[in-house]
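Subject: Structure handover

Hi,

Here is the structure I promised to pass on. Have a look at it first, and my notes follow below.

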Amino acid sequence: MIKNSLEKIWLFDYDLTLYGAEERYVINSLDHRISLFVQKTVGGDFESAHKIRTEYLERFGTTLAGLMAMHGTNPDDFFDFIHEPEYLIYPKKSPDKLALLQGLNGLRFVFTNGRHDWSEAGMAHMGIDSAIDGVLDLKQLGWVGKPHDSAYEKAEGWLRQRLAQMDYAMPAYPRDIILLEDSLRNLEPAHRRGWTTVLVNPTVSAPDWVDYCIPHLLDLPSILETAEK
Ligand SMILES: [Mg+2]
């Protein structure tokens, strides 16, 4: 069980973690824009753009990394295009999630491979933005995100700085940094650094090294140690 204490740092992935698999249409709306951007950059029809996208994803880790390597794409141009609000769907309002997040002691941040405006708009739609203390996004990571080790190293540096500004000390133990993620691949480097890992995924079964596994964010209380226990 995770002790819900003030010393804890809660780090949430955004896509398919803060909003879950049941709202997959949210990320699908973004994926459609990504394929359109690839088509705009590479040329050809939508079908082949979609194929190239999948190739880049496999070869470079993300579509953006492939576009940057192969076409010199400016990452801000990419995000400006795919984050155009009129084409996107956002997660539903969730007072339950707000209550859950507010009930977590310690500080709560988002650690995302997207640009901050996407998760910030989504959290505003969910009505949970007031419960989040900050967003560490791909731009601040120098466009090299999870699961690259550099992203986790930079996250620790960023946290040290943010915490100092908020008059908080960095946790004494790495295990007091808790990463909640739907992607196993993105949890692995966190595990190697000694952070506590929580897989939030209703379909993937967790290997032994994963500390906790819950199907949805709202199941988080099931792995929290309450004050009474
Ligand atoms: Mg995710």
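Of the contacts (heavy atoms within 4.5 Å) in the protein chain with a separation of 6 or more, 62% are between residues 24 or more positions apart. Please keep in mind that this is a predicted model, in which local features need pLDDT of at least 70 and side-chain atom pairs count only at pLDDT 80 or more, while totals for chains, interfaces and linings use all residues. Residues are numbered from 1 along each chain as its sequence is written, and side-chain values use heavy atoms, with hydrogens and water left out.

The protein chain has 8 helices and 8 strands (DSSP runs numbered from the N terminus: H or I of at least four residues for helices, E of at least two for strands). Its radius of gyration, taken over C-alpha atoms, is 18 Å, close to the 17 Å from the globule rule (2.2 Å times the number of residues to the power 0.38) for 229 residues, so the chain is as compact as a globular protein of that length. Buried residues (under 20% relative accessible area, 1.4 Å probe, protein chains only) make up 48% of the 229.

Now to the strands. β2 (residues 9-12) is covered on both faces, with Ile9 and Leu11 buried on one side and Trp10 and Phe12 on the other. In a regular strand, side chains alternate between the two faces of the sheet. β2 pairs (at least two DSSP bridges) in the parallel sense with β3 (residues 107-111) over 4 bridges, and Phe12 has Val110 as its bridge partner there. With β5 (residues 177-181), β2 also pairs in the parallel sense over 4 bridges; here Ile9 is partnered by Ile177.

Asp15 sits in the loop between β2 and α1, and Asp182 in the loop between β5 and α8 (184-192), so the pair ties together parts 167 residues apart in sequence. Asp15 and Asp182 are both buried.

Finally, helix α3 (residues 63-71) has Thr63, Leu64, Gly66 and Leu67 buried. These residues lie on the same side of α3, because they cover an arc of only 160° around the axis (from the directions from the helix axis to the C-beta atoms). Their cover includes α1 (24-42), α2 (46-60) and α4 (75-82). After α3 comes Gly72, with a positive phi near 60°.

Best wishes

Notes: Buried < 20%, exposed > 50% of the residue type's maximum accessible area, 1.4 Å probe, protein only.
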